[in-house]
Amino acid sequence: MTIRTRVAPSPTGLPHLGTAYVALFNRAFAHQQNGKFVLRMEDTDVGRSDSESDQAIQDALRWLGLDWDEGPDVGGPHGPYRCSERLSIYHELIAELVAIGGAFYCFCTKERLDSVRANQRQQGLVPKYDGHCISLSKQEIQTRIDKGTPHVIRLKVPIEGNCVFHDTLRGAIEIPWGQVDMQVLLKSDQFPTYHFAASVDDHLMEISHIFRGEEWLSSCPKHQLIYTYFGWQQPELIHLPLLRNPDHSKISKRKQSTSINYYRRCGYLPDALVNYLATMGFSMPDEREIFSFQEFQDAFTPSRVSTSGPVFDIAKLSWLNGQYIRNLSHSDFQKSLGEWAFGDGRADAILRLVQERTERFDDVFAQADYLLGERATLTAESFNHKKITSDECVRVLYFSQLLLEHLNQRDGELISEAFKKLAAQLDLKLRDCLFPVFVAISGRSVSLPLFDSMQILGLDVVNARLRSAIHVLGGVSKKMSKRLDTEWHQHATRLINTTKTE
């Protein structure tokens, strides 16, 4: 049997550390066994998927040296490698699944589903679909379809008994069927959900082993059912421990940077980052902390993968990166530093900003220091302002994070227009609204043009600076976060929708 592994990210945002972490183990195992490693784009979320994110993920993985044997750009015998290009395959197989009784049409409205789940929560039950449409006759189904009634197709799940499946690291795992929801497999927009697309594609692409995060353990019964209904053999499953924040919560962008590009822009070497990610779930036989990807691949065995949640420690990563930097030759150090500082057109973009504001060449570095390196150290006093309080600064910074996260674009004009709308929604003058953002991004109240600076830095670095500025101002408690999130949702529809369409 040829060993075939895959990584299947969703192109809906910045390239995530978790994608690199999973890709690392899948690629190492496949290549160690003379197999194939596949990149597949799970672009099933039509509203959030975009080509920019798709390309960013590919660029980030290649920067780390985690290239693939088959994928959307290099092709292969099992393509296409984007879900959006495989719709006819899903439609044919979902029809077959309905015909054999493994799935059914559901015409329930969102209002009904919300009501059912609210009642279940009140009774202390697991909120899930109640099987309302499971017994509809073929004639009733066809009548509703002919009328154009919106519908989805759901997975038929047993009511009693337990699902038992095997994980290479954890052995047999048992989950009662009563805890498993009747998952939507085909949405009303005729796109599959991840669960159906991934199961179908893993089978058709002959994936033999799947290394993925342990958050997918609860989804295994759904995937196993799909395989069982079709009579397919399920791939071997290896669920990796989740990356954790220092407080041992699941790593998230609310608490620290999760974008691969953030670490690239901050000057971490790809070999160092790959080395560190490998230590998150694996220990070398001789317990070495510093090793190359090839050494990791040669030594890798699933039996040495830990199941305890590793803490992603920036200080430890920085130490490791320092070891790699000091091991570079002088010429390689000079070359790497130059590529980091001036690659990807960054030097040209910075110089265009500063030229009109420069009287002497030694003005350049004083103006652009925060674009090339870390900004000046902030204190709470950095945000002192005559017209906006410290609490208002936190509010603006918090909403700025959410706004940029939803825009997920680097277009300066689009960002500018969005911030104008944000200031209006918060009943602030634009210059007052932007004051804490200027300070958070540049370390000073007056700097080079803000939105151009954001474009040069990249949204991953911008978000990290906004987050650290909030921390300097005392942070956001759970209670405050809940209040701000509620307020944000009141503004979000107008801010996001109007900005995207205008």
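What pLDDT does the protein chain average, and what share of the residues score at least 70? I began my notebook there, since this is a predicted model. The chain averages a pLDDT of 93, and 97% of the residues score at least 70.

Over residues 498–502 the pLDDT stays under 50. For that stretch I noted 10 contacts in the model beyond four places in sequence.

**The sheet E3-E4-E7**

I then turned to a sheet. In what order do the 3 strands of this open sheet lie? I read the order as E3-E4-E7, with antiparallel pairing. Strand E3 (103–106) and strand E7 (184–186) are the edge strands, each pairing on one side only.

A reminder to myself: strands of a sheet pair through backbone hydrogen bonds, either parallel or antiparallel. Here I followed strand E4 (residues 152–155), which runs antiparallel to E7 and is joined to E7 by 2 bridges. Which residue of E7 is the bridge partner of isoleucine 153? I found leucine 186.

What lies across these strands? Helix H3 (residues 87–99) lies across E3, E4 and E7. I noted that H3 runs at about 130 degrees to E7.

**Two backbone details**

Proline 80 sits in the loop between helix H2 (51–63) and H3. The peptide bond joining glycine 79 and proline 80 is cis, with omega at about 0 degrees.

My other backbone entry is histidine 248. Its phi is positive, about 75 degrees, although histidine 248 is not a glycine. I located histidine 248 in the loop between strand E9 (236–240) and helix H8 (260–265).

**H16 against H18**

Last, I looked at a helix pair. How do helix H16 (residues 412–425) and helix H18 (residues 450–457) cross? Their axes come within 9 Å and cross at roughly 130 degrees. H16 is therefore oblique to H18. I logged the crossing of H16 past H18 as right-handed.

Which residues make the contact? On H16 I listed Gly412, Ile415, Ser416 and Phe419. On H18 the contact is made by Phe451, Met454 and Gln455. Sorting the residues of this contact, I got 4 nonpolar, 3 polar and no charged.

Note on methods. Residues are numbered from 1 along each chain as its sequence is written. This is a predicted model: local features need pLDDT of at least 70, side-chain atom pairs count only at pLDDT 80 or more; totals for chains, interfaces and linings use all residues. Side-chain values use heavy atoms; hydrogens and water are left out. Axes are lines fitted to C-alpha atoms, for helices over the stretch in contact, and angles run from 0 to 180 degrees between N-to-C directions. Helices (H or I, at least four residues) and strands (E, at least two) are DSSP runs, numbered from the N terminus. Angles under 35 degrees count as roughly parallel, over 145 as roughly antiparallel, 65 to 115 as roughly perpendicular and the rest as oblique. A crossing is left-handed if the near helix is turned anticlockwise from the far one by less than a right angle, and right-handed if clockwise. Contact means heavy atoms within 4.5 Å. Ala, Val, Leu, Ile, Met, Phe, Trp, Tyr, Cys and Pro count as nonpolar, Asp, Glu, Lys and Arg as charged, and the others, Gly among them, as polar. pLDDT is the predictor's confidence in each residue, from 0 to 100. Two strands pair if DSSP finds at least two bridges between them.
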